[in-house]
Structures are given as structure tokens and as C-alpha cells.
Amino acid sequence: MRILSRYVLREFLVPLFYCLAGFLGIYVLFELFDSFNRLMEARPPFLEVVAFFAGYVSPYLEWLFPAALLLSADCYAALGEYHRARDVYYEVAMLFPNTDWGEDALEGLRRVMEGKKTAEKEQTALEDVFFNVTEDMNALAEELLKKKKLKEILMQVNVTAFI
């Protein structure tokens, strides 16, 4: 795992946890209402009920995790924490390329970068968080957006060549 990925994960665990807890709480609540009568009739031990719900939500984690990351990035952007939003959008786009999650992250990254909202210096520089890390996140984000734009142009040229 790259140092930058560890930084983003550590820095954004709190909003990510809140988003995941909210999503999982909704799913568990729906399942609880659906199976409440059966649970009351069977009266299983508490640990079996917890194991049942853990098994119920585990398949959904595959798409809940990126959704929670995107929601936390949106929250950061809404709160004016554009550097943090940029970092989360960038990591989601890198972790989930060629997916809807990656496309949504790229769109969020475009919105943050187009407004030049991250042009000013960060309050806490990346070098201060991690010793000897000097990556320029604005440059990395711009490079990612340029690569994606180039791929889109090439895809359009290839599609029109066959028409």
C-alpha cells in the first residue's frame, strides 16, 4: 500500500465509518423488519442474530465501501475541505478504475479541480504528515484527469472510425 493511500485511509476513517455505519444500519433495519416475526418465533441467542446480520451485510460491503468513500468526499467538498475531498476522489478513482465508482470520483475530482479550489496551500502539508513525501496532489489529480480525457477522445475517434 502506498504511503499516500495509508494517509488518506487514516485521515478519512471517521467520515468513512459514519457513512458505512449509516448505510449498514439502513440495511440491517430493513432486514430486521422483514424477519422480525421469524426471529421472535425462533428466539435465537443474541450472538446468532448478530452472526446472521453480519452474514447478511457482508455481500453488500463490496459496493457500500466505495459509496461511503464517495459520500465522505462529497461531505468534505460541501464543508469546504477541498484538499481532503480531492484526495479522497483521487484515491477512489485510482482504486476503482473503469467502474461507475471511478467515474463518479473523476467527476467529483473535475469539479474540485476546475474551480481551482485546491490552488492555495494546504493547512497541513503532505510533507508534514509523512516524512519525505513530496507528492504534489494537484499535479497528480491533473495528470489523472488529462489521461482520462485523452482516453475519452481516443475512444470517440475509434468509434467514429468504424461508423
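The legends below describe close-up views of a predicted model.

In this predicted model, local features need pLDDT of at least 70 and side-chain atom pairs count only at pLDDT 80 or more, while totals for chains, interfaces and linings use all residues. Residues are numbered from 1 along each chain as its sequence is written, and side-chain values use heavy atoms, with hydrogens and water left out.

**View 1. A salt bridge between Asp87 and Arg86.** A salt bridge is taken here as a side-chain nitrogen of Lys or Arg within 4 Å of a carboxyl oxygen of Asp or Glu, and by this rule the count comes to six. In the pair shown, the closest N and O atoms of Asp87 and Arg86 are 3.1 Å apart. Asp87 counts as buried because its relative accessibility is 2%, and Arg86 is likewise buried, at 1% (buried means under 20% relative accessible area, exposed over 50% and partly exposed in between, with a 1.4 Å probe and protein chains only).

**View 2. A salt bridge between Lys148 and Glu103.** The N to O distance in this pair is 2.9 Å. The pair links distant parts of the chain, with Lys148 in helix H8 (residues 137-162) and Glu103 in helix H6 (residues 100-114), 45 residues apart; helices are DSSP runs (H or I, at least four residues), numbered from the N terminus. Lys148 is buried, with a relative accessible area of 15%, whereas Glu103 is partly exposed, at 30%.

View 3. Glu143 is partly exposed at 41% relative accessibility, and Lys147 is partly exposed at 48%.

**View 4. Aromatic pairs, including Phe17 with Tyr18 and Tyr60 with Trp63.** Rings of Phe, Tyr and Trp (its six-membered ring) pair if their centres lie within 6.5 Å, and planes under 30 degrees apart count as stacked, over 60 as edge-to-face and the rest as tilted. A search of the whole structure finds six aromatic pairs. The ring centres of Phe17 and Tyr18 are 6.1 Å apart with planes at 55°, so this pair is tilted, and both residues are exposed. The ring centres of Tyr60 and Trp63 are 6.0 Å apart with planes at 85°, so this pair is edge-to-face. Tyr60 is partly exposed, with a relative accessible area of 26%, and so is Trp63, at 33%. Ring pairs link Tyr27, Tyr56, Tyr60 and Trp63 into a cluster.

Conventions: Helices (H or I, at least four residues) and strands (E, at least two) are DSSP runs, numbered from the N terminus.
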